[in-house]
Amino acid sequence: MLADYLRGWTGLGLSGLPLVTMQPSWPIGLALLALAGLFAGFLRQTWRRQHSRLRLAASGVALIGSDGRQVAWRELDGVRLRWFGSRRQGRGWLELELRGSGSRLVVTSALDRFDQVVADAVQAANDRGLRLEPATRANIEALLGRAA
């Protein structure tokens, strides 16, 4: 989280500082304003992630925070586990996307006990007979050490 805050504030400063200290031409000013807006949005998203909590229960999973999304295991209709980064270098992260009853919940591998959330989601998907994408199956096998 600290690295994301640092990236966000640095980007906001580097794009916003020329706007307030110089008088850029309107195309450059517009581009800097757009960049500042992107970094402000990134900071807002980082703050929301920091202040959200994930509740894992036998009935499903819920994101406790500003929007309060939840997916009940009995209503699960989609599971996707994606890898972002370089496998060769061993650096990157996983992103778990759960869909059900019109709700979409996404968590990253930065979450404590992420593997437990994935294991419970896989069990629920198997119980419901959901077909998982080949990439999702491979990522589950790599994470949990067993077939999905």
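**Exercise 1. Work out how helix α3 and helix α4 pack, and which residues make the contact.**

Step 1. Find the two helices: α3 covers residues 114–128 and α4 covers residues 134–144. Helices here are DSSP runs of H or I with at least four residues, and strands are runs of E with at least two, numbered from the N terminus.

Step 2. Look at the geometry. The two helices pack at about 130°, and their axes lie 11 Å apart. Axes are lines fitted to C-alpha atoms over the stretch in contact, and angles run from 0 to 180 degrees between N-to-C directions.

Step 3. Name the arrangement. The angle makes α3 oblique to α4, because angles under 35 degrees count as roughly parallel, over 145 as roughly antiparallel, 65 to 115 as roughly perpendicular and the rest as oblique.

Step 4. List the contact (heavy atoms within 4.5 Å). From α3 come Phe114, Asp115, Val118, Ala119 and Val122, and from α4 come Ile140, Leu143 and Leu144.

A word on the model: it is predicted, so local features need pLDDT of at least 70 and side-chain atom pairs pLDDT 80 or more, while totals for chains, interfaces and linings use all residues. Residues are numbered from 1 along each chain as its sequence is written, and side-chain values use heavy atoms, without hydrogens or water.

**Exercise 2. Is Leu105 buried or exposed?**

Step 1. Locate Leu105 in strand β6, residues 103–108.

Step 2. Leu105 has 1% relative accessibility, so it counts as buried (under 20% relative accessible area; exposed is over 50%, partly exposed in between, with a 1.4 Å probe and protein chains only).

Step 3. Look around it. Beyond neighbours within four places in sequence, Leu105 touches residues including Leu54, Val61, Val71 and Leu98.
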